[in-house]
Amino acid sequence: MAVVGRACLIIAFAVTLYGIGAAIHGARPGNRRFAESARRAVYATAGLITFAFVILEIAFLRSDFSFATVATHSSTTTPLFYKAAAAWSSQEGSLLLWAFLLSVWSSVVLTITRGRLRDVTPYATAVLLGFAAFFIGLLLFSASPFDTVAGGAPAEGTGLNPLLRHPSMMTHPIALYSGYTLAAVPFAFAIGALIARRIDAEWIAATRRFALASWLALGIGLLLGARWSYVELGWGGYWAWDPVENAALLPWLTATALIHSVQIQEKRGMLKIWNVSLTLATGTLAIVGTFLVRSGILDSIHAFVEQGNTIAWAFTGLIAIICAGSIGLVVSRRALLASEHRIESLLSREAVFLMNNLVLVAITFVVFWGTFFPLISEALTGTKHALGPPWFGKYIVPLSIILAVLSGIGPLLSWRRATAVNTRRNFVIPVGIAVAAVAVSLALGSGHRPAAVLMFGACAFLLGCVGQEFWRGAGARKAMSGESLPVALVSMVRRNRRRYGGYLVHAGVALLFVGIAASSAFQHVTTPTLQVGQTTNVGGYAIHYDRPTAGISTHDGRLEKINLGSDLTVRKNGKFVTRLHTERGYYPTDDASLGVVGRYFEGEQTSEVGLKAGAARDIWSVISPDTDPLKNVIAQGDKVFGNAKNLPPQMGAALLGQAITGIVDRYKRNPPPAQFRFIVSPLVTWIWLGALVILFGGVISIWPPPGGATRRVRAAYMARVGRESAATTQ
Amino acid sequence: MGVALSTAVLLAAALVYTSFSASSEAVRPSQLVSHADPGRSYHLTGKVVDGSIHKAGGTMFFKVRDRDAKSAARAVEIRYTGSVPDPFKDGREVIVDVRKGSGSTFVGAPDSLITKCPSKFSAKKQA
Amino acid sequence: MEALIIILALAVVVWVVSGPLRHGEDPEVAEAGRRAALDAAKDAKYREIRDAELDWRTGKLSDEDYREQDRRLRAEAVEILRELDRLSS
């Protein structure tokens, strides 16, 4: 079946090339049927890639090791869920996933816009097919998922890295890839609109939900990565300003700016150049993000492939083409992109949205500069220089504070020109809440971190503004319809999903920022080495090492991993707070150079974090047991088993099990001091809570209004408009 | 418009200026062995030399060599305290911020050790 | 077996993609497209009318500004409705 998969890709490649030609030809008047044929080419490509993807998935689920990629990324002992997800854990599998998602969204957008945007769609189709051709080309010529193992299928696969065996690590790539591929849709339509010189708001309206979906998916991907990092890795942080993290953040930032900026074009016909540029930037940055993970051009914990490979060069070429093309098009169409109006007053929603755009672009620039600085500095000075998290924080923190404040102000101002009286009235309560928040946090002793205090104030202001909007909106609805307040609230949100969904997102962002500020600024960390029975103090808590734990995890009768850990008790001021259990898992390795026993202690290791999360603070713990005292007895075991090569396998396995159990028990009976890492971090939970609120708000914002409600509204308004028009035409 | 442009220029200037002074040079072990200014911070990338890891109390010692070096001749000795990432072991690729210490040992900045995940394309963060 | 699947896939693809070239464009599709675009414009205009009212009721728009905006937006809505009527006739 690998042959069929490969054939599908070959046919798909031919179809995309045909489609590009047909689309461009079909853009000419009178050649409509070629544009239609190109649209069908997109459907055909989607069908073929889906088929190829299904073939690959089935191969993984069946553990068909004749597929080279299955043999190197899965094994018979991998749990089913992770077998399915292992399909995209490889270079070739992830490229296939990218192509699959792109072809699906392309099909959706072309179906939705059937018959509309007739000047623009052919070019957009060509761009989308162009991306598809690029990725399918890579799959055919550089990284094929359908290579077969020479000499027949091996009996067992290499298996999945144990650090990946976490649900979020399986969904995180899908979320990010969805975000990247969804960004290609508005990009394609922006290019089409520019080429066709149809730069009114229609192309934006048609692709608005795709931009929003891209934003949402990227946000989910980023937050899943942060969450996984926090609960799974022995580090205790959630964000490191690593190049690949930043690569996903960049398009998310420009998408955020875009979502807000398009409203100004819809309402006032302004910021057209901004919207086109932000759309093109988001699409380009999505490709850059895809490229960064697999290029090796930047030192990163995620950059895996050797430098200078074909794929890196191909991506560089693609990025150069889309950058040059985008800039060229915008410059040549700049007369058409002129604003219909000017900003009349600084105290207006469009002025604040514009400032918002500027701040987001500034943040984007800071992140971009910091991420690519090694390459920039090498180009400018000849030596590579790297920037660390403190540099990022220096700029991002004040910009984020400004962003929070602007997000509160913007929705409370009217378009064109807000009256000073109204403005004063609208901001009294939120400002009051902000001042109160600052006072409270100072009283709680946070004065030594002024930036955090300012952030608390800004976010309190933002929450106050959002709360006020909900309150007043529900009140207005109640006045209009006579519904009770809770019902009015719900129906108001249902009828204005875009606005109130957006407000919820702002509220979520406020919670997120507060969580980040508190957990960064007021964290307590300690890395003590403790004997059993010892206590250490951190952040006002006393953590006591009760006893060591040691055990073996088996799966289907095979030894999966060895666990060495600890039970801890946490107290505050003598009162019991919680028990924690943290351990380290030792996975066996297949490395033949290690001894029979030794290979159970020298393979991959994972940390099982002992975490007590709370609304006010998290207590986080990991352990690094000392296995050096066991080395002698392990070496002895290696020698014994090395000499006893003639044992029947069943007996050998049983004896080995006994030996390992013995060693593990020895650790428990005579535990050496272990190194721990304890972190007490306030308000970390607010980060995850804020993330959920953002997700909820984003979904509400995207959700299309129900057909029924629109009809009712339509009828009512048509009646009123009709009466009005009848009155005016008399 | 003018205000926006001038703020942008100011921000860009600030960025450029501080980035050069706040950054640390990214080096390979062979480069560090030949020239290292005491007191300067370096961003070192390389592979852990097999068998070079040993712990003494809360401190860890290990050697780092160039990724494509054949021998450990021009390897750098590091003294490090702080969190050790899960995949850290012999032969793994690491990134760590270091300063020249006494003698030929370099001192790693606490908690700055990053280990690249070994498998070819799969995992994400380890710090 | 596998060759058969491949040939089948190829045949389906060619048939699907060449459809419009053999039949030409469906005039109803073009018509439906124009109507859909006007419908979208109408919905957007109604949303603007509602948004303006909400802004007024929550104290962001003064009475006079609201009256002027409302009148303008409704006139624009009537235009779109007239376009739609012309399309149907």
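Start by selecting Leu271(A), which sits in the loop between helix H9 (243-268) and helix H10 (272-293) of chain A. Helices here are DSSP runs (H or I, at least four residues) and strands are DSSP runs too (E, at least two), numbered from the N terminus. You are looking at a predicted model, where local features need pLDDT of at least 70, side-chain atom pairs count only at pLDDT 80 or more, and totals for chains, interfaces and linings use all residues. Residues are numbered from 1 along each chain as its sequence is written, while chains are lettered from A and ligands numbered from 1 in the order in which they are written.

Is Leu271(A) buried or exposed? It counts as buried, with 23 C-beta neighbours inside 10 Å. The cut-offs are these: buried takes 20 or more other C-beta atoms within 10 Å of a residue's own, exposed 12 or fewer, and partly exposed lies in between, with C-beta atoms placed from the backbone. Look at the backbone too: phi of Leu271(A) is near 60 degrees, a positive value in a residue other than glycine. Most residues other than glycine have a negative phi.

Next, select Arg197(A), in the loop between helix H7 (167-196) and H8 of chain A. Its phi is positive as well, about 55 degrees, although Arg197(A) is not a glycine. Arg197(A) is exposed, having 12 other C-beta atoms within 10 Å.

Now go to helix H20 (residues 684-702) of chain A. Colour the buried residues of H20(A), among them Trp686(A), Ile687(A), Gly690(A) and Ile694(A). What covers them includes helix H8 (202-232), helix H17 (497-521) and strand E10 (617-624) of chain A.

Show chain C for the next stop. The contact takes 43 residues from chain A and 37 residues from chain C; two residues are in contact if their C-beta atoms, placed from the backbone, lie within 7 Å. Which helix gives the most to the side of chain A that touches chain C? H2(A) does, with 10 residues.

Finally, zoom out to chain A, which has 21 helices and 11 strands. Along its principal axes, the C-alpha trace spans about 105 × 70 × 60 Å. Buried residues make up 52% of the 730 residues in chain A.
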